[in-house]
Structures are given as structure tokens and as C-alpha cells.
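Please open the model in your viewer and keep the selection tool handy. We will walk through it one stop at a time.

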Amino acid sequence: MMKLKKCGVCGENDLVHKTIKGERFSYKSFPSYVVNEDLLLAYCAHCGDFVLASDDPELIDIAIENSIKNDLSLFIKNILERTGWTQNELADYVGFTAIYISELKNRKKVPEFRTYNYLKLLSECFGALECVIENDPRCEGVRDSYSFQGSGSLERWNHIDLSRKVEAALPMEAADSFDDIEGIAA
Amino acid sequence: MTEVKPHYELETVKANVESCAFSARNKTLGAVIAVFRICFQKEITNSEAAKYIRDGVKSLVIDDFARHSEVHGGTIADVYGKVINDESWYIKFYYSDEDGVCQYAFHPPARELLLKDGRKISQGKLVYDEVKKVWSLRRE
């Protein structure tokens, strides 16, 4: 592999090494994915961009794949923790096969952009999971635990007191430690 | 009027393109991934995009040459235009014995590109947003 000596854009020959963690890269169906893995690459501080050697694209792909797999595993664990569902129940209720959910949770598969977004919404966005399972009679217990007042209208959220919204949107440990929640609600 | 010729021997560039470096990743790897995703409805990785760029450079002929472009400190880059699989590409690189091939641009042309032999390469279907640093379909 050729050692990079200077930036092709500005000619700066004082390249540094910088991690790609936090940087946006394109990958397959992901138009602009923020990488959450460390990988040191040559970087031109003057241009604010990486200078990639011939082998770097392959390393970037590996870092992105690991990062996406880690994200998905966390999304699934978060949903399971919030709902108390098994993996099989999650798969059945939101429309995947149990094997696929298991593969995602165990970081064995890189999902498509749309799958990533779907599970991210269910994991991170208040009301998304409740919306998806709204008409599923098997999920009544879960809906009740989040003060779900299903009427099919967005107005239903107006009836929920803010402290419950915050609690439902946070992982349980975080909600428990959030002891000033009434002050925020007021 | 003197004929404008490529600054770098095309065969030398092709022989060294396998070990080329990529600058401006959004205008090389990112652009190819976006064209595949939006125009070809195919998903490719960064390493597949890199291979597509190398193969694209290897497919160039002298008649694809368009003009020179100064990139930095008097360094001359050669600009080529090529239609591959019905998509237009703006291709820019320079070469030195010390640095090898530096792939500087491989993306849909922002505007029509006139080649040395008189052919015109149409502007690309995608346009780059310099602020958001993403490619999207050009709005007519």
C-alpha cells in the first residue's frame, strides 16, 4: 500500500491521523451514515476531509458494517427492555422473522436502510412502537404500560401528562434516575 | 491554435490506478454510491465504488479527454468525460511518480462537458449539495 504523503485537494503535506467516528459516509442504501466505530485514517486538517489510500475503502466498509450492526443490536435490546417481549414476540408483532431479529440482535447481519430506520424509530421515538401495535389485541399490556390511549388520533398524546411521556421515552434506568421529572413537567 | 493534450500519459495512469488514492470522498466514492442507489437502484459498498472508479479510469481513451484543471500549487489535473451505463461522469485526476494516481473527482458532471473530440457529455442526473454534502436528484 502506498503511504499517503499529501492531500490531493489542497496539496497540504502535513497529514494527521483522525478517527472516522462521528463522520458521515455513504454505504449501500445509507445516503449519509454517521459512523460510530473508531478507524484512524489520514486526514487533512486544512480541507477537513480524509485522504484515502487504495485499501481504505475496504476498511471503511468494515467499520460502517460493525457500527450499523451495533446500532441495530442496541435498538432491539432497547425495545425488548421497554416491552418485556421475547425476541419471537417482537418479530411477530412488528413484522420480521424470529431468525432475522436474532441475527440483527447478535450483530450477524447488516440491515437495509429502511429496516435500520424502522427499528430505530421503534426504539428511539416516543409513540412509534405504540402506534405500530395499536390494533394488535396481543399487545394490550404493553400499550397500557405506556399510558397508551388509543383512538387512532394524534390528539391522544395531549391527554398524557408530560412526566409520563419523558418516562416512556427514556430507557428504564435513565427514567428512574431522572428524579427532577416533576419540575420539568411543570 | 495548439492542440490541448492530456498532461499525463493515459497508459501510465491506467497502469497505476489500482493503487490510487482518493481525495474528496464525497465527490468520488460517495458520488458513485449515490448514482448506483438512485439511478441504478443498486446498493454498493465503498470498496465496490472504488473498483468502479478504477475500472472507469481503465476504460478511458484519449478521445475522452476534455481539458486541464489546476488543482493546487500549480499541479495540473487532467479532466475526462465518459458515459458509462447511460450515466455521465466527470473524471479528474493527477499523477506523480512520488504520489501515484490521485483520484480527485469521479462524479456526475455539474454542467455539460465538452470533450477534445467535440463530443458533449451531458450534465448528470444528480447534483451535489456543497453545504449538506449529499447527492440528490437534479430538479429541472
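Is helix α2 of chain B largely enclosed by the rest of the structure or left open, and why? Keep in mind as you look that this is a predicted model.

**First stop: α2 of chain B.** Select residues 29-38 of chain B, which make up helix α2. Nine of its 10 residues are buried, so this helix is largely enclosed by the rest of the structure. To see them, colour L29(B), G30(B), A31(B), V32(B), I33(B), A34(B), V35(B), F36(B) and R37(B), the buried residues of α2(B).

**Next: the sheet of chain B.** Now show the strands in the order β1-β5-β4-β3-β2, an open sheet of five strands with mixed pairing. At its edges stand β1 (21-22) and β2 (65-72) of chain B; each has a single partner strand, so one side of each has no neighbour in the sheet. Zoom in on β1(B) and you will find it running parallel to β5 (residues 100-107) of chain B, joined by two bridges. Pick A21(B) there, and opposite sits C102(B) in β5(B).

**Where two helices meet.** Keep α1(A) and bring back α3(B), residues 46-58: their axes come within 7 Å and cross at roughly 155 degrees. An angle over 145 degrees counts as roughly antiparallel, which means that α1(A) is roughly antiparallel to α3(B). Show the side chains of P57(A), E58(A), I60(A) and D61(A) on α1(A), then N46(B), S47(B), A49(B) and A50(B) on α3(B); these residues make the contact. By class, four are nonpolar, two polar and two charged.

**Last stop: a hairpin.** Select β8 (residues 126-129) and β9 (residues 134-137) of chain B, which pair in the antiparallel sense over four bridges. Y128(B) stands opposite W135(B) in β9(B). Four residues lie between the two strands of this hairpin, and in the turn K133(B) has a positive phi of about 60 degrees.

Key: Residues are numbered from 1 along each chain as its sequence is written. Chains are lettered from A and ligands numbered from 1 in the order in which they are written. This is a predicted model: local features need pLDDT of at least 70, side-chain atom pairs count only at pLDDT 80 or more; totals for chains, interfaces and linings use all residues. A residue is buried if 20 or more other C-beta atoms lie within 10 Å of its own, exposed if 12 or fewer, and partly exposed in between; C-beta atoms are placed from the backbone. Axes are lines fitted to C-alpha atoms, for helices over the stretch in contact, and angles run from 0 to 180 degrees between N-to-C directions. Angles under 35 degrees count as roughly parallel, over 145 as roughly antiparallel, 65 to 115 as roughly perpendicular and the rest as oblique. Two residues are in contact if their C-beta atoms, placed from the backbone, lie within 7 Å. Ala, Val, Leu, Ile, Met, Phe, Trp, Tyr, Cys and Pro count as nonpolar, Asp, Glu, Lys and Arg as charged, and the others, Gly among them, as polar. Two strands pair if DSSP finds at least two bridges between them.
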